[in-house]
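Open the model in your viewer and keep the selection panel at hand. The stops below go helix by helix.

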Amino acid sequence: MQTKNKLIFFMIFGIALAAGTIAPKATCQAAITGSSQDIYSESDDPDVVSDYLNANPDAESEYIYTYSASELRDMACIIYCEARGEPYAGQVAVGIVVMNRKASSHWPNTIHEVIYQKMQFQPTRNGAMDKALAQYDAGATTSSTWRSCINAAKSSLMGQKKITYCGKTTNMSNYHFFATSVPGYRLKIGAHYFK
């Protein structure tokens, strides 16, 4: 069984490599890491599996969480608005914060409601989210920046919790805030502080 999983991984990896879906690395070798314990349930979508396994070669594909097209749309767009200029690890970290809020009893229990909760995400108030959604819906997402944000959205939607940035791995399971200034922050990636 283990040999079969490795063969499937290398087949998927080869397809992802050929298709150019490998996420770009930023300075400090920004990356995401994980294991099957960081993932929730099964997905049969080969694109979802290949993207996640590409970033997490030690993960077991049968544990990957399934998300909807609307969840990917919302997550990719909020990451694009909030972190498109940030390292890939910072983009995934923004998605992790959204997912952590969704899982917490202190915030709404859907991704859409978390993102649109009053006074939480500035792009939903200043029109930036509407512009990003329009670009996404028009298929204007072929730039490397958009591809990076979409890959980051997929990783966070599939339950990614660990970030490696500048050689340090952080489990972000209990992070619920990020901004350009956060008192008592525990992690800094690019221009964002996380807590």
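What covers the buried residues of α7? The cover includes α3 (69-83), α5 (111-115), α6 (123-126) and α8. Contact here means heavy atoms within 4.5 Å.

Before selecting anything, note the ground rules. This is a predicted model, in which local features need pLDDT of at least 70 and side-chain atom pairs count only at pLDDT 80 or more, while totals for chains, interfaces and linings use all residues. Residues are numbered from 1 along each chain as its sequence is written, and side-chain values use heavy atoms, with hydrogens and water left out.

**Whole protein**

Color by secondary structure. There are eight helices and six strands; helices (H or I, at least four residues) and strands (E, at least two) are DSSP runs, numbered from the N terminus. From the N terminus, the order is α-β-α-α-α-α-α-α-α-β-β-β-β-β. Of the 195 residues, 48% count as buried. Buried means under 20% relative accessible area, exposed over 50%, and partly exposed in between (1.4 Å probe, protein chains only).

**Helix α7**

Select residues 128-137, which form α7. M129, A132, L133 and Y136 are buried. Step just past α7 to G139, which has a positive phi of about 75 degrees.

**α4 against α8**

Select 88-103 (α4) and 144-157 (α8). Their axes come within 8 Å and cross at roughly 40 degrees. Axes are lines fitted to C-alpha atoms, for helices over the stretch in contact, and angles run from 0 to 180 degrees between N-to-C directions. The pair is therefore oblique: angles under 35 degrees count as roughly parallel, over 145 as roughly antiparallel, 65 to 115 as roughly perpendicular and the rest as oblique. Show side chains: Y88, Q91, V92, G95, I96 and M99 of α4 meet S148, C149, N151, A152, S155, S156 and L157 of α8. By class, that contact has seven nonpolar, six polar and no charged residues. Ala, Val, Leu, Ile, Met, Phe, Trp, Tyr, Cys and Pro count as nonpolar, Asp, Glu, Lys and Arg as charged, and the others, Gly among them, as polar.

**α3 against α4**

On α3, pick E71, M75, I78, I79, E82 and A83; on α4, pick G90, Q91, V94, G95, V98, M99 and K102. This contact divides into seven nonpolar, three polar and three charged residues.
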